[in-house]
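Here's a quick briefing on the chain shown below.

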Amino acid sequence: MYDLCFLRQVLLDVKKIEEILKKESSLSLNEALCLCQHGNGFTDPSSLARELSLSPSRMTRILDSLTKKGYISRTESDGDRRSVTITMSQKGLDCVKKLHSISLDLPQYLIDLAEQAQHNN
């Protein structure tokens, strides 16, 4: 069982991270995570949505935004129009490099959680 007041602090800290991210990269947290996960081999909308625990409709809106901003392109399969492959543009690749270098001043408990998650994967 978790203390609701502590969870509120987690949400506030994540909101601060998103504000820094928006300032540094002009991306929302979900847009940035989508680009990072694409770099980890997730190249279709369904697998990205599952990996990020997002609904297909939310993923579509994020991909629409990333396409409009020039970070990705989407290509339909020749054999199956329902099958879409996401390709990162050079702008997207450069952005991912930048995302890896953004300095975030995280509270220690978030650092511990991030390290634990990395260790488990």
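Accessible areas here come from the Shrake-Rupley method with a 1.4 Å probe, and for residues only the protein chains shown count as cover. On that basis the chain exposes about 8,600 Å², with carbon and sulfur atoms supplying 53% of it. Keep in mind that this is a predicted model: local features need pLDDT of at least 70, side-chain atom pairs count only at pLDDT 80 or more, and totals for chains, interfaces and linings use all residues. Residues are numbered from 1 along each chain as its sequence is written, and side-chain values use heavy atoms, with hydrogens and water left out.

**Overall layout**

- The chain has six helices and two strands; these are DSSP runs numbered from the N terminus (H or I, at least four residues, for helices; E, at least two, for strands).
- Going along the sequence, the pattern reads α-α-α-α-β-β-α-α.
- The C-alpha trace spans about 50 × 30 × 25 Å along its principal axes.
- Of the 121 residues, 27% count as buried, where buried means under 20% relative accessible area, exposed over 50%, and partly exposed in between (1.4 Å probe, protein chains only).
- Among contacts (heavy atoms within 4.5 Å) with a separation of 6 or more, 50% come from residues 24 or more positions apart.

**Helix α1**

- Helix α1 covers residues 4–25, and its 22 residues should span 32 Å at 1.5 Å a residue; the end C-alpha atoms sit 31 Å apart, which agrees. The expected span is 1.5 Å times one less than the number of residues.
- Val-10, Asp-13, Ile-17, Leu-21 and Ser-25 are the buried residues of α1. They cover an arc of only 90 degrees around the axis, so they lie on the same side of α1; the arc is that of the directions from the helix axis to the C-beta atoms.
- The other side of α1 has Leu-4, Cys-5, Arg-8, Leu-11, Lys-15 and Lys-23 exposed.
- Cover for the buried residues of α1 includes α2, α5 and α6 (108–120).

**The nonpolar core**

- A nonpolar core is a set of buried Ala, Val, Leu, Ile, Met, Phe, Trp, Tyr and Cys residues joined through side-chain atoms within 4.5 Å.
- The largest one has 21 residues, and those with the most contacts inside it are Leu-27, Cys-34, Leu-35, Met-59, Leu-66 and Ile-72.
- Two or more residues each come from α2 (29–39), α3 (45–52), α4 (56–68), β2 (84–88) and α5 (90–101), and α4 gives the most, with four.
- Setting aside neighbours within four places in sequence, Ile-72 touches Leu-35, Leu-63, Leu-66, Thr-67, Ile-86, Thr-87, Met-88 and Ser-89.

**Salt bridges**

- There are three salt bridges in the structure, each needing a side-chain nitrogen of Lys or Arg within 4 Å of a carboxyl oxygen of Asp or Glu.
- Lys-16 pairs with Asp-13, with the closest N and O atoms 3.9 Å apart. Lys-16 is partly exposed at 48% relative accessible area, whereas Asp-13 is buried at 7%.
- Glu-31 and Lys-69 meet at 3.1 Å, N to O. Glu-31 lies in helix α2 and Lys-69 in the loop between α4 and β1 (72–76), so the pair ties together parts 38 residues apart in sequence.
- Asp-64 bridges to Arg-74, with the closest N and O atoms 2.4 Å apart. This pair links helix α4 to strand β1.
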